[in-house]
Amino acid sequence: MKILSLPILLFALLALSLAADAVDESEINAGDSEDAEDKPEINAGDSEGESHVEKRATSCPSGWTKYGARCFRYISASYTWAQAENYCVRYQSGNLPSVHSAAEYSWLQSYVRSKTCGNPTIWLGGSDAEQERMWFWSDGSRLSYNSWCSGTPRASTSYNCIIMNASSRRCWYDYLCGNQYAFVCAKKAK
């Protein structure tokens, strides 16, 4: 009798669990209008009964920090600019960071400070190595905002990569791409 009662008990627990899930799902679907704003929109499907879920870019992987529509991760290892960019692309599915506003630069500085307890020089994703004075971001976005230090960028074929937190002003400097600094990887939030 004991052998038969264990499967019956397990079956009963499974049935109760499935029933509870069905009740929870119906409560979710009947939620109030405030909750509806936080949930992905589910559209009625086509004639075959498919449904389509609209996803919003709201999350970053573990170990990453979200700002705007992107995720950021500080890497303390010191690499050349090309090695750092390659690391971000190959191992993090991102790029060295591009910066598009003073607010974003300020946030990036405070993010690095929170990770390092200081203001170290780190690589940004900007370069003019392909053609002098034709600056671009490695993620393909347009370089429309800048925070250059006075006297930079320099007209020199030797200084082709952007570092941030240069000088006491914590501005940008065009520098030798072969130097080694820590860096941040950035990618779109999912």
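Reader: Which residue is Cys 60 joined to?

Author: A disulfide joins Cys 60 to Cys 71, with an S to S distance of 2.0 Å. The torsion about the S-S bond is -90°, and the link is left-handed. Cys 60 sits in the loop between strand S2 (52-53) and strand S3 (65-67), while Cys 71 is in strand S4, eleven residues apart.

Reader: And Cys 71, buried or exposed?

Author: Cys 71 is buried, with a relative accessible area of 1%.

Reader: How many disulfides does the structure hold?

Author: The structure holds four disulfides. With the bonded cysteines numbered in sequence order, the pairing reads 1-2, 3-8, 4-6, 5-7.

Reader: What about Cys 149 and Cys 171, which hand is that disulfide?

Author: The disulfide of Cys 149 and Cys 171 has a torsion of about 100° about the S-S bond, so it is right-handed. Cys 149 lies in the loop between strand S6 (136-137) and S7, and Cys 171 lies in strand S8, so the pair ties together parts that are 22 residues apart in sequence.

Reader: How far apart are the sulfur atoms of Cys 149 and Cys 171?

Author: The sulfur atoms of Cys 149 and Cys 171 are 1.8 Å apart. As for cover, Cys 149 is buried with a relative accessible area of 5%, and Cys 171 is buried at 2%.

Reader: Where do Cys 161 and Cys 177 stand on accessibility?

Author: Cys 161 counts as buried at 1% relative accessibility, whereas Cys 177 is partly exposed, with a relative accessible area of 22%.

Reader: And Cys 117, buried or exposed?

Author: Cys 117 has 76% relative accessibility and counts as exposed, because that is over the 50% limit.

Reader: Back to S7. Why is S7 called largely enclosed?

Author: Six of the six residues of S7 are buried, so S7 is largely enclosed by the rest of the structure.

Reader: Which way do S7 and S8 run, parallel or antiparallel?

Author: S7 and strand S8 (residues 171-175) run antiparallel and are joined by four bridges. One of the residues involved is Cys 161, whose bridge partner in S8 is Tyr 175. The hairpin of S7 and S8 has four residues between the strands, and Ser 167 takes a positive phi near 60° there.

Reader: How many bridges join S5 to S7?

Author: Three bridges join S5 to S7, and these strands also run antiparallel. Trp 123 has Ile 163 in S7 as its bridge partner.

Reader: Changing topic. Which residues touch the most other members of the largest nonpolar core?

Author: That core has 20 residues, and those touching the most other members are Val 99, Leu 108, Tyr 111, Leu 124, Met 164, Trp 172 and Val 184. Strand S4 (70-79), helix H4 (102-116), strand S5 (122-127), strand S7 (161-166) and strand S9 (181-188) each supply at least two residues of the core. H4 gives the largest share, five residues.

Reader: What does Val 184 touch?

Author: Beyond four places in sequence, the residues Val 184 touches include Phe 72, Tyr 74, Cys 88, Leu 96, Leu 108, Tyr 111 and Trp 123. There is also a second, separate core of 18 residues, with Trp 64, Trp 81, Tyr 87 and Cys 88 among them.

Reader: Last one. Where does pLDDT stay under 50?

Author: It stays under 50 over residues 9-55, and for that stretch the model has 18 contacts beyond four places in sequence. Where pLDDT is low, the predicted coordinates should not be read in detail. For the chain, the mean pLDDT is 80, and 70% of the residues reach 70 or more.

Note on methods:
Residues are numbered from 1 along each chain as its sequence is written. This is a predicted model: local features need pLDDT of at least 70, side-chain atom pairs count only at pLDDT 80 or more; totals for chains, interfaces and linings use all residues. Side-chain values use heavy atoms; hydrogens and water are left out. A nonpolar core is a set of buried Ala, Val, Leu, Ile, Met, Phe, Trp, Tyr and Cys residues joined through side-chain atoms within 4.5 Å. Buried means under 20% relative accessible area, exposed over 50%, partly exposed in between (1.4 Å probe, protein chains only). Contact means heavy atoms within 4.5 Å. Two strands pair if DSSP finds at least two bridges between them. pLDDT is the predictor's confidence in each residue, from 0 to 100. A disulfide is a pair of cysteine sulfur atoms within 2.5 Å.
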